[in-house]
Every structure is written in structure tokens, then in C-alpha cells.
Amino acid sequence: MSSCRQLLRALKRTLGLGRRQLNVDERQVVLVTGCDSGLGHSLAVYCYRALNMTVIGCCHNLQSQGARLLQQMSTGEDDDGNERRRHRMLTWQLDLLQPASIEQVQVNLEQLLSNNDYQLMALVNNAGVMCFGEFEWQLPSQIEMQINCNLLGTMRLTRQLLPLLRQHRGRIINVTSHCGLQALPALGPYAASKAALRIWNDALRIELQQYGMEVVNFIPGFFVMDSNIAARQQQHAQQMLEAFSDEQLAHYGNYFRQFNEYLNILSGFKPPNKLRDDGLHSKFKDALTNTQPAALYIHEPWRYKIYRWLFGICPAPLSDWLAVRFCAMPSYESTKGKELRD
């Protein structure tokens, strides 16, 4: 009988029977990581302003511009000139590489939930780091940083908060990447972390269904230009260059230089609230508030849709060629030809 009920439930979900939007207000709590800038900051502000939820915006640096903007939202008066009844925007420090920081978030969250009539509605695992560079170039510390933050740190935080999420039947929204669907050159460790996160997400979704919990994979598309995820790219590149052997420097020198000149536009810190995308927010709202959210949400421009479709049908040699075309970055061959012309 249990197996039949599970099959019936799966069929109903497949057909979309019973799907509806939940009403949310200040009693529903959403915790979002990586709120210093970019997507995390944008989602935290959206949940606060558009959905009127209580938001915990976790930032790596509480002195960052993004953290200070969130802190300003927790003070002041409402639209009627009355002092806000609740502080609906809470800004907490979180370092996914530090177990003590994760434990402190759990302690703070338990205290918040025990003293108020709150419902923990969702954990949004958004925090991540990215480093461009061929695998041979990247230092072990850079590779481990991406795996530790994007994958292991997300796992540690989720595991720490799972008892609370289970008690409140909260959902987990894991922000992954197109890089987790298709391998791309110069992003090997980052893609590996996101691909592993995708598979873990799917396993977790199956495990937690029996407890009435939802787990969602959310792929937001290209927003690196509106985010600080690659703000330290030139610093990373300098570290790679300094670690090159004489042989590597002779082999990669001109290619490495042109590669990182091309990526120079990514470096430097951008305004934390630069990302604004109504279509993305609409999909995120469905992932957050639908009684039967989709297992996977993908927000992408048409260029991404076309390439993703082609990646899915092409054999490996053509898929590899498409990946190089998709990234449109300098290659060893292209810079070698330019060096000869110069």
C-alpha cells in the first residue's frame, strides 16, 4: 500500500495536480547565504520587500557594502510612519569554511524560532566562489577553496540546520549553475563543485520527500557581471603566475597574459544591488512558495537555451567545440597565432 501511495503521489505531482502558491508574511523566515552582493543580496531584498517575509541575510563580511545595506533595512519605520513591529531583515555573519561560524548561525536561528511564532520556511544555499583558469594553472589552495565553499560548506550548513528545517517542514533551495550541467574550459574545479552539488541535491530531494520536505535545484543563469563572485580574479591570476615554473612560464606566458586581460572586466567589486531581474525573481518565488515546486528551475537567456539543447544532442567532439565557442575566451591556439603575427 505504501508503494502505491508513493506512486500515486508521484503521478499527481507529475500532472501538477494540487499545485498552488502559499501565502507568506512576516511569520515565514527564509535564510539566504551569500548576501554580500549579487544573487544572494537580490534574493534577500526581494523576499523582504516583495514577499514581506522575515529574512536572514547571511554575509561573509558584515562590514561589506551589501551587508550594511541589509542592516539599514532592519531599522526605521514602516510606510504608515509606525515603528516596525518586527525586525524583518536580520543580517548575520557566516563563513562556510569555519565550523564555528556555522554552529553560531544554528544557535541564533534556534533562539529566533523559540522566542517567536515564526515558521522556518526555507534555507537558500547561494554562497559560492569562482576562479577562472586552466586546471594546471590553479593552485591547490584555489581548487580546495572552491570545493570547500561551494560543496562541502553548503553540505555542512545544511546538515547543521536540517533538524530545524525538518521540524518546520522547511524547504531547501540549492543554487547551482549551468557549469554543473555542462563542463566548460577554465572552470574545471568550479564546475566540479556545482556538478557534485547538483547530484547531492537530487539525492537529498529523494531522501527528504518522506518527511514532507522539498528540495529544489535553482540555476540562475549568467550574472557574473552583476556579482562579485569573480571580483578577485586578477589576484588569483597573479598567484598562479607567481607559482609557474620556468617551463610553464615559457609555454603559457603570452596565452596566460591575454587570457587574464580578457577577464579583467570581472575583477573589482561591483555595487551589491546591481542584479535586478523580474523573470528570475518570478521563478524564485515559485520555488519558494509553491506547494509543489519543480525539482529544477533554470533561468537563462535564449543563447543559453540553444547551447544547452545542442550540448544535449551532440557527440563529444562537437560538444567540446561548442563549449569553446560558448565561452568565447582566448585559446592557446589563438594567442599563438597572434604572437606569430606580432
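Trainee: Which helix gives the largest share of the lining of the second largest pocket?

Mentor: That's α1, with five residues. This is a predicted model, where local features need pLDDT of at least 70, side-chain atom pairs count only at pLDDT 80 or more, and totals for chains, interfaces and linings use all residues. Residues are numbered from 1 along each chain as its sequence is written, and side-chain values use heavy atoms, without hydrogens and water.

Trainee: What makes Q6 and R9 lining residues?

Mentor: A lining residue has an atom within 4 Å of a pocket point (a pocket is an open set on a 1 Å grid, with protein on both sides within 12 Å along at least five of seven lines). There are 17 such residues here, and Q6, R9, A10, R13 and Q209 sit closest to the centre. α1 (2-15), α6 (188-208) and β6 (215-219) each bring at least two.

Trainee: Why is V30 called part of a nonpolar core?

Mentor: A core joins buried residues (under 20% relative accessible area, 1.4 Å probe) of the Ala, Val, Leu, Ile, Met, Phe, Trp, Tyr and Cys kinds through side-chain atoms within 4.5 Å. V30 is in the largest one, so it meets that rule. Of its 33 members, V30, F284 and L288 touch the most others. α2 (38-49) is among the elements supplying at least two residues, and its seven are the largest share.

Trainee: What does L288 contact, leaving aside neighbours within four places in sequence?

Mentor: Its partners include V30, C47, M121 and I173, with contact meaning heavy atoms within 4.5 Å. A second, separate core has 31 residues, L90 and L157 among them.

Technical notes:
1 Å grid on protein atoms, 1.4 Å probe; cavity = no way out; pocket = protein on both sides within 12 Å on 5 of 7 lines; lining within 4 Å. Helix = DSSP H or I, 4+ residues; strand = E, 2+ residues; numbered from the N terminus. Buried < 20%, exposed > 50% of the residue type's maximum accessible area, 1.4 Å probe, protein only.
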